[in-house]
Amino acid sequence: MTGFTLTGQLVIPIYKETFTVLLALIRWKHELHDKCIVVYSDNRTTICALNKGTCCNSLVMQWLRSIFWVSATYNFRITVRFVPSNANLVADAI
């Protein structure tokens, strides 16, 4: 598994990217009404999980359910698209 450690625990990229999307949607949910949101990611696992709305990991699945309910409640659609790693240098640096 690739990832970085935070207080001795391995953090998998799908955790970071899925949770970040959830936090952003919760933060700006009132401004997203009737909009189509496009998120760009270089992590194919995150892309598949967010686009399909399912994942084997129970924690990520809880976040996906939350994303679904926020999008259903505030009537917006979220789509995730692939961006190559070399075109995503700024986001990866942050």
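Thr79 lies in strand β4, which spans residues 77–82; helices (H or I, at least four residues) and strands (E, at least two) are DSSP runs numbered from the N terminus. Because its relative accessibility is 17%, Thr79 counts as buried, a term for residues under 20% relative accessible area, with exposed meaning over 50% and partly exposed in between (1.4 Å probe, protein chains only). Apart from neighbours within four places in sequence, Thr79 is in contact with Cys36, Ile37, Val38, Val39 and Asn51, where contact means heavy atoms within 4.5 Å.

This is a predicted model, in which local features need pLDDT of at least 70 and side-chain atom pairs count only at pLDDT 80 or more, while totals for chains, interfaces and linings use all residues. Residues are numbered from 1 along each chain as its sequence is written, and side-chain values use heavy atoms, with hydrogens and water left out.

The predictor's confidence in each residue is expressed as pLDDT, from 0 to 100. The chain has a mean pLDDT of 85, and 83% of its residues reach 70 or more. Confidence is highest in helix α3 (residues 58–73), at a mean of 95, and lowest in strand β1 (residues 4–6), at 46. Over residues 1–6 pLDDT stays under 50, and for this stretch the model has 13 contacts beyond four places in sequence.

Attention now turns to helix α1. This helix covers residues 13–27 and includes Ile14. Ile14 is buried because its relative accessible area is 7%. Beyond four places in sequence, Ile14 is in contact with Asn43, Thr45, Thr46, Ala49, Cys55 and Val60. Val60 is 46 residues away from Ile14 along the chain, yet their C-alpha atoms are separated by 7.9 Å.

The structure holds zero disulfides, a disulfide being a pair of cysteine sulfur atoms within 2.5 Å. Cys55 is accordingly in no disulfide, and the nearest cysteine sulfur, that of Cys56, is 5.7 Å away. With a relative accessible area of 23%, Cys55 is partly exposed.

How do α1 and its neighbour α2 meet? Pro13, Ile14, Glu17, Thr18 and Val21 in α1 meet Thr45, Thr46, Ala49 and Leu50 in α2. The axes of α1 and helix α2 (residues 44–52) come within 9 Å and cross at roughly 45°; axes are lines fitted to C-alpha atoms, for helices over the stretch in contact, and angles run from 0 to 180 degrees between N-to-C directions. The two helices are therefore oblique to each other, since angles under 35 degrees count as roughly parallel, over 145 as roughly antiparallel, 65 to 115 as roughly perpendicular and the rest as oblique.
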